[in-house]
Amino acid sequence: MVDVSREEITDGSLIRSLLLLAAPLVMQNFVQVAQQVVDTFWVGRLGEDAVAAVGLSFPLTAFLFAVLMMTNIGTQVLVSQRVGAEEDSLARRAVFHGVTLAFVLGLALTILVLIFGADAISLFSAEPEVTSLTVIYFTTFSLGLPLVGMGDAIEMGFIGSGDSRAALYINVAAVAINIVLDPILIFGYGIPGFSGFEIAGAALATILGYGISSLLGLGMMLRGRNGFSLTKESMTFEMNDYREIVDIGLPICGQRAAGQSVRLLIVGVVAAAGGSAALAAYTVGARIASVAFIPASGLSQAAQSVIGQNIGAEKPNRARLTTWVGAGIAAVGLTLIGVFQWVAPELLVRTFVPDMTSQGFDLTVEYLRILVYGYWAIGAMYLFNAGFNGARRTKVSLVADLVKYWGLRLPIAAIGVLWLDYGVSAVFWAVTISNCVAAVGAGLYYYYTTHNGMLERAVEVASSPSD
């Protein structure tokens, strides 16, 4: 793979820079989804209740990641703008502050889960066996949050500097470890006399993969790559840097929390509407559909760095163009991916969970087809959020998700299930409708605000003294 230099990002071909930076991130996200697919494959051999338990814990773990996302986005945006302004020493300092903040937050989250996790899961009123398995999986997974947070912050530091290959290497290591450990820790394969930890083994395999790869990332950062590394001079504790990271990232934490809190409620609606079969369908459908989001997710991460560096280099027009070009690529790309999902949903379901009940199978197929209608919107929305985030307007992303989840998705799902009696299908349609409306609204607002000086104001903020 070709490295992308600061000069290419701020002066060269914009499309080339965006795609080259995105390519390792897309591969990285494919690797992460491969991890989820492998987990689903092995957990699926434990039965439908185990799959439902992972599905019930998914929005809870995503809620924890929403908190850690504050440091991730704050670190990436701050590093990218300082690199674009050729303030490399300050960029390295931002990475150190992001890593230390993420570690502390991860430790605090682990403690909270161990104290309150079981009580939170019991609120869903799922079937007793599913609830018990969810508690085991969720609390075990939480033990790795400090290292997970630290590793993600290191990745974002590399990405912000323009080195997306480092993030790919870190994630490949995490998934390789997870793939090897899953059958061993879940079923005890290869170890005589050891029968495995079942669903707890799946969580252990994941956190061990994350933890070891995080240490690998730290070693890469300390040794240095492409002239970007942590040095003794960067290892200071400056409150201004912590404040900047929190100021940029806190709305993203709120954005993710808004989405995940609604997902928690929707999981409850799904369970009430269709029981464990509907919950398993929702889980498997979401996991399979997440494969389609990979290109847009990687492209948005790349766009945030390209936008941030061009703002730091005082080139707002290139930042604006990055968003629109990226949105077009993502919308078209996800639409094409959706064609396969529409044509062969049965094959996808049978591949990942061969032992589903007929009801769960039919519901999963229905969900996959309904999701396809909104894929273009998901791709575009990723890039509009990147456009706002790269300009430090993360509060806009927060508001957009509040409207999408609380103003659209939850009311549509609740009305469809509770009042119109459409069953769990109402939840599936609520997801697609909310995605489409939110993408159109975000695009219109991005056009309006960028023609009223948003990016020029972002340049002024980025060029202000950092100390």
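**Contacts, core and surface**

Modeller: Contact means heavy atoms within 4.5 Å. Leaving aside neighbours within four places in sequence, Tyr375 is in contact with Ala289, Ala292, Phe293, Leu334, Gly338 and Gln341. This is a predicted model: local features need pLDDT of at least 70, side-chain atom pairs count only at pLDDT 80 or more, and totals for chains, interfaces and linings use all residues. Residues are numbered from 1 along each chain as its sequence is written, and side-chain values use heavy atoms, with hydrogens and water left out.

Biologist: Which residues touch the most other members of the largest nonpolar core?

Modeller: A nonpolar core is a set of buried Ala, Val, Leu, Ile, Met, Phe, Trp, Tyr and Cys residues joined through side-chain atoms within 4.5 Å. Buried means under 20% relative accessible area, exposed over 50%, and partly exposed in between (1.4 Å probe, protein chains only). Of the 136 residues in the largest core, Tyr282, Ile311, Tyr375 and Val427 touch the most other members. Helix 9 (residues 239–290) supplies the largest share of this core, 19 residues; helices are DSSP runs of H or I, at least four residues, numbered from the N terminus.

Biologist: Is Ser234 buried or exposed?

Modeller: Ser234 is buried, because its relative accessible area is 3%. Ser234 is found in the loop between helix 8 (199–223) and helix 9. Leaving aside neighbours within four places in sequence, Ser234 is in contact with Arg92, Arg93 and Phe96.

Biologist: How does Leu112 count at 45% relative accessibility?

Modeller: Leu112 counts as partly exposed, and lies in helix 4 (residues 88–122).

Note on methods
Helices (H or I, at least four residues) and strands (E, at least two) are DSSP runs, numbered from the N terminus.
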